[in-house]
Each structure stands twice: as structure tokens, then as C-alpha cells.
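Work through the exercises below with the sequence and the model side by side. Try each task before reading its solution.

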Amino acid sequence: MAKTAQAHWKGSLVMSLALVVAAGSSAIAAQGAADLYSEKCAACHGDKGDGDGPAGKAMTPPPQPFSTALNGKSDSWIGTVITKGGPAVGMTPAMPPHPTLTSDQVKALISYIKGLKS
């Protein structure tokens, strides 16, 4: 009986640690996405994705808010805009490409941006 209890306790500990690690990596990814967004996107798109960043205000027309611009758009489409720029999807060349981002960074940015539009 003692071995069974010990095995159960060890199994629970391993599962708990796995959950902490998984939650921690999500938090790190979210922080990384927020930092990437702030560095690469917020100047035009604004802190909340409303198209009202300082550089966006100087554009004619300014970037559309994500709440309307991303309606019906797939993650793949958003990823293409991020990595290849606006012209890749028939949009303005004012949206620059970011080809050096990793696929994980792009996925994190997509998730972050979709969170802003809600």
C-alpha cells in the first residue's frame, strides 16, 4: 500500500510540475508577444489595435482598427500580412513585412492581436 501511495504522490507531483511549466511558457509567450507587438506594431496600430498609434495618425488613411480589419480573416492571412507585408495580400505597402520573425513569434503575435480586437 505504501508503494502505491508513493507512486500516486510522485505521479501527482510530476503532473503538477508539468502544468506549472506549461502555464509558465504560455505566460512567457504572451509577454514575448506583447513586447513584439509594442516593438513592431504599436507605432502604427496603437497599443490596443485601434489604428491610432503615433505613426498611424500620420498615415492617410490610418490603419483600420483590428476589430473591423480582421473580421473574417484567417490566422494564415494575418500571418502572411505580418511576415510578408501588406502588398502580399493586396493591402498598402505602408504595412511592412517582418520576415525575420520565427513561426512561434508569428503565432504568438496572431493570438495577441486577435485578443486586442475583442
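This is a predicted model: local features need pLDDT of at least 70, side-chain atom pairs count only at pLDDT 80 or more; totals for chains, interfaces and linings use all residues.

**Exercise 1. Describe the secondary structure and the overall packing of the protein.**

Step 1. Count the elements. The protein has six helices and zero strands.

Step 2. Read them in order. The pattern along the sequence is α-α-α-α-α-α.

Step 3. Check burial. The protein has 118 residues, and 24% of them count as buried.

Step 4. Check the contacts. Take those with a separation of 6 or more: 38% of them join residues 24 or more positions apart.

Step 5. Check the surface. The accessible surface is about 7,700 Å², and carbon and sulfur atoms hold 63% of it.

**Exercise 2. Locate the aromatic pairs and state which parts of the chain they link.**

Step 1. Search the whole structure. Two aromatic pairs turn up.

Step 2. Take Y37 and F66. Their rings are edge-to-face, with 6.3 Å centre to centre and 65° between the planes. Y37 sits in helix α1 (residues 2-40) and F66 in helix α4 (residues 66-69), so this pair links distant parts of the chain, 29 residues apart. Both Y37 and F66 are buried.

Step 3. Take Y37 and Y112. This pair is tilted, at 5.4 Å centre to centre and 45° between the planes. It links Y37 in helix α1 to Y112 in helix α6 (residues 103-116), 75 residues apart.

Step 4. Compare burial with the cut-offs. Buried means under 20% relative accessible area. Y37 has 2%, so Y37 is buried. Y112 has 26%, so Y112 is partly exposed.

Step 5. Join the pairs. Y37, F66 and Y112 form a cluster linked by ring pairs.

**Exercise 3. Which ring face does K73 lie over, and at what distance from the ring centre?**

Step 1. Name the ring. K73 lies over the face of W77.

Step 2. Read the distance. K73 is 4.9 Å from the ring centre of W77.

Key. Residues are numbered from 1 along each chain as its sequence is written. Side-chain values use heavy atoms; hydrogens and water are left out. Helices (H or I, at least four residues) and strands (E, at least two) are DSSP runs, numbered from the N terminus. Buried means under 20% relative accessible area, exposed over 50%, partly exposed in between (1.4 Å probe, protein chains only). Contact means heavy atoms within 4.5 Å. Accessible areas come from the Shrake-Rupley method with a 1.4 Å probe; for residues, only the protein chains shown count as cover. Rings of Phe, Tyr and Trp (its six-membered ring) pair if their centres lie within 6.5 Å; planes under 30 degrees apart count as stacked, over 60 as edge-to-face and the rest as tilted. A charge sits over a ring if NZ of Lys or CZ of Arg is within 6 Å of the ring centre and within 35 degrees of the ring normal.
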